[in-house]
Amino acid sequence: MNYQHLSGSEKRKRRKVQELEREKQKGAMLSFLHSSQTREDGPSSNDNVVVFASTSTELDTPLALLATSPQILTSADLGGTTSTTMAPILTDSNSKDGIEEDVTIDRSALFPADIADWPEQVSLIFEEHFINNPPESNIDQISGCVKQVEKTKVRKLQSSSFYKVKVNGEKVLREWLVYSPQTGSVYCYVCKLFSKKISNLTVNGYKDWKNINEALKSHESSSEHITCIGTLVTRRRVEGRIDTDIENVYLQEKEYWRALLQRVVATIKFLAKNGLAFYGSTTKIFAKGNGNFLSALEYLSEFDPFLANHLKRYGNPGSGHVNYISPSTCNEFIALLADAVKKFIVSELQTAKYFSIIIVDSTPDISYVDQMSIIVRYVLPDGRPVERFLGFVQITSHTAENLAHVILGQLEDLGIDINYCRGQSYDNASNMSGRYNGLQAKIKTVTNSAHFVPCSSHSLNLVSNSAAECCLQAAIYFENVQSLYNFFSVSTYRWSILQKNLATSNNPKLTVVKRLCDTRWSARADAIKSIALGFDQIKMALQELDDDSKQKRCTAVEAIDLLKKMNTFEFAFMTIFWKKILDRTNATSKSLQEMTGSLTVACSLYDSLVKFVENLRNQSDDIESEAKQLQPNNQHYADFASRSRKRKKFADEGLGEEVLLTGRENFKINTFIPICDKLIRELKKRMESYSSVNDIFNIFFTDSSDKVFQTSLKNIEKFYAKDINIMELPDEIEQFKQLCKGNNVAKNPEDMLEFIINSNIVSTFCNIEILLRIYRSIPISNASGERSFSTLKRVKTYLRNCLNQDNTSSLAVLNVESDILNVIDK
């Protein structure tokens, strides 16, 4: 039998008939599922309807239909905390075309947080959501409720109304009572969901604060409320529902993946805290070179049967399958954890209110991306100052305008108000510290109270560098120190000879020679200390290399040249002198780098260092004695007067003979004293930067009759008039000083603030407490920023040079702020 093909016209007619048939069938299934009648008082728990359940996590149902249709029921918890979610394509039976497109769900509009915004007629989906996700009681917001004035009485809602008092005096929270900040009324959310009766607690809210307690007692003992509570309890139960099996399967799956994610997140936190790489050359489980993350999971699986089973089932599923151990999952969790840490920091900062910013300019990473570190300093409620790292920001320009734009943008993105910034600390670069066009000047145009304090440790390093270059002999000495390091470090054989000779000493503190570094604050001190302690052993190593016939002649020449320089008395003198200076400078620098440091400490340490150098200036004879012990074979200065040049005298000069200096006098006048004077002058100059800011707070350190006190009071009024009541401050200060004197409280801001907090007298001395918090929030060093750059070198290495900016910053935050990572909610 031959098949007869239909013509095109016949095919089109047949297709049209089929389309009409399909159009007639639209909504037929849903019309079968719909309840036959709709009640005006909303659905009850006894409605006999059919339930669809699926594992979808998105809703395609229109908002209006979900919020108001009482005919639709699901066992889903649309809040995402329990069981399944219903995702049918619902079609209105009265609609011609039905609903064919997905609708994006706005959950805040679908399930309003404020009970006053709940619709009068709620859908069963709406009920189901709040059955499993009860609304907040909002007890902490009742301070803004509407007050009632009755003659001379002012009434308002009290927090005690949210508790029921038992006969024995115990208090129980009324979980069903909810306060609405929008209307300033209280509601019974259970009755609002299930009750058929109309009352103030279900419709408009109750706000008669005079009779609130009697009304609540009457309501909670009513039969209608008790019935609604029973309905709530029944609806919360899983057993006996039509979708019990699906619910149980869902709960098992949820617990399974939750248990897995706990192990995954714990592993990510461990690797991030220690700055370790996550993935290697492959992402396959039990494969060689798969990296630290997968290797850690493999190690844990040896002792964890659950994890071992998961890796066996889902270890290498291939593309398109979920196992939660892929690189994308790791990156997502890293970002989430970093965001949680930063939110914790911002929350602490907003509680503290006042803060300072610490910026260490920038440094290029391994992939030549310029990274700028942002750190904030603030005071915790217990009075301790902390410095928190907020991450790295990529910059493309070092101009003050660009840096200010980047910093202000970052603070705004994090929700930090720059108007509460009370200090800023940078290094001494002109683009940062410039008085007129530097970054500190740009920030001050936004908030004039943000006082600039240069990094005290960096300033101390600049003082040492300046003194080391102030005269020829000082520059030659440090050049010889660097030459010693270069000579030994260029060859492993020479280095082994040095180590062998150092080992002959019984002094366990001997170290190999160190190199100089202008930017490393302790480099000069370490280099001079190693030479001073191992002076004889270093000379022995040079002599051994000179006598070694197997060495090249150039090596022997270098060795004997360095040995001759070390054998001079000036070299021994400079070693003793610079060791004394740099030991004290380095110890002072380490103290200034402490997070607990303050302006008072910085000024005191700088002043003590000035006095130390002034005293050392007069002790040249003592230094000579120590140098003679270090150099017993040569205790004479080089005689520069042996071949003196005669200078032609001018007509107005006297007839006296020209004074010729001995080698000792020449060294003291042209080397020793200029170095000391340079140190003293530079220290005093740098100290002025800290004294000028510290003088603003002189009201704590001077008597009220002193002119300095009045000047300090005017400065406080100028900068902090918006923070404190300046009219109350003088009397408050006077009383506080008497209180401190009677309780033996030291005259320093640290002890004063601690005394106020521990004694619970903040309300009595509120202005002083604010000033002390501002004072303690001002930084004196940006050492925290320098340490963050060390973290950057560990996080973004040669083998991890493809890390993007977000991952680099997030991993650095997790590594630097690991103490916060340990305490944030899991």
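A salt bridge is a side-chain nitrogen of Lys or Arg within 4 Å of a carboxyl oxygen of Asp or Glu. The views below show a predicted model.

**Figure 1. A salt bridge joins Glu544 to Lys500.** Glu544 belongs to helix H20 (residues 535–547) and Lys500 to helix H18 (residues 492–503), and the pair links distant parts of the chain, 44 residues apart. Glu544 counts as partly exposed, at 28% relative accessibility. Lys500 is likewise partly exposed, with a relative accessible area of 45%.

**Figure 2. Arg377 and Glu387 form a salt bridge.** Here the closest N and O atoms are 2.9 Å apart. Because Arg377 lies in strand S9 (residues 370–379) and Glu387 in strand S10 (residues 385–394), the pair ties together parts that are 10 residues apart in sequence. Arg377 is buried, its relative accessible area being 1%. Glu387 also counts as buried, at 11% relative accessibility. The structure holds 26 salt bridges.

**Figure 3. Asp583 and Lys579 form a salt bridge in helix H22.** The closest N and O atoms of this pair are 2.9 Å apart. Asp583 and Lys579 are four residues apart in the helix, so about one helical turn separates them. Asp583 is partly exposed, with a relative accessible area of 25%, and Lys579 is partly exposed, with a value of 22%. Elsewhere, salt bridges that share partners join Glu348, Arg388, Glu817 and Asp819 into one network.

**Figure 4. The largest nonpolar core has 99 residues.** Phe488, Leu542, Phe577, Trp578 and Leu729 are the residues with the most contacts inside this core. Helix H22 (residues 569–592) gives the most to the core, with 11 residues. Apart from this core lies another, of 68 residues, including Ala272, Val360, Ile443 and Ala812. In soluble globular proteins, nonpolar side chains tend to be buried together.

**Figure 5. Surroundings of Trp578.** When neighbours within four places in sequence are left aside, Trp578 is in contact with Ala467, Ala468, Tyr477, Phe478, Ile528, Asp583 and Ile675. Among these residues, Asp583 is also the salt-bridge partner of Lys579.

**Figure 6. The second largest cavity has a volume of about 90 Å³.** Its lining consists of Ser457, Leu460, Asn461, Ser464, Trp521, Ser522, Arg524, Ala525, Leu582, Thr585, Asn586 and Ser589. At least two residues of this lining come from each of helix H16 (456–468), helix H19 (523–533) and H22. By class, the lining divides into four nonpolar, seven polar and one charged residue. The count of cavities of 30 Å³ or more comes to five.

**Figure 7. The largest pocket holds about 850 Å³ of space.** This pocket is lined by 25 residues, of which Thr519, Arg520, Trp521, Glu786 and Ser790 are the closest to its centre. Helix H30 (783–795), H16 and H22 each supply at least two residues of the lining. H30 gives the most, with six residues. The lining comprises six nonpolar, 10 polar and nine charged residues. Trp521 also lines the second largest cavity.

Definitions and conventions. Residues numbered from 1 in each chain as written. Predicted model: local features only at pLDDT ≥ 70, side-chain atom pairs only at ≥ 80, totals over all residues. Heavy atoms only, no water. Core = buried A, V, L, I, M, F, W, Y, C linked by side-chain atoms within 4.5 Å. Buried < 20%, exposed > 50% of the residue type's maximum accessible area, 1.4 Å probe, protein only. Contact = heavy atoms within 4.5 Å. 1 Å grid on protein atoms, 1.4 Å probe; cavity = no way out; pocket = protein on both sides within 12 Å on 5 of 7 lines; lining within 4 Å. Points joined across faces, edges and corners; volume = space filled by probe spheres on them. Nonpolar A, V, L, I, M, F, W, Y, C, P; charged D, E, K, R; others polar.
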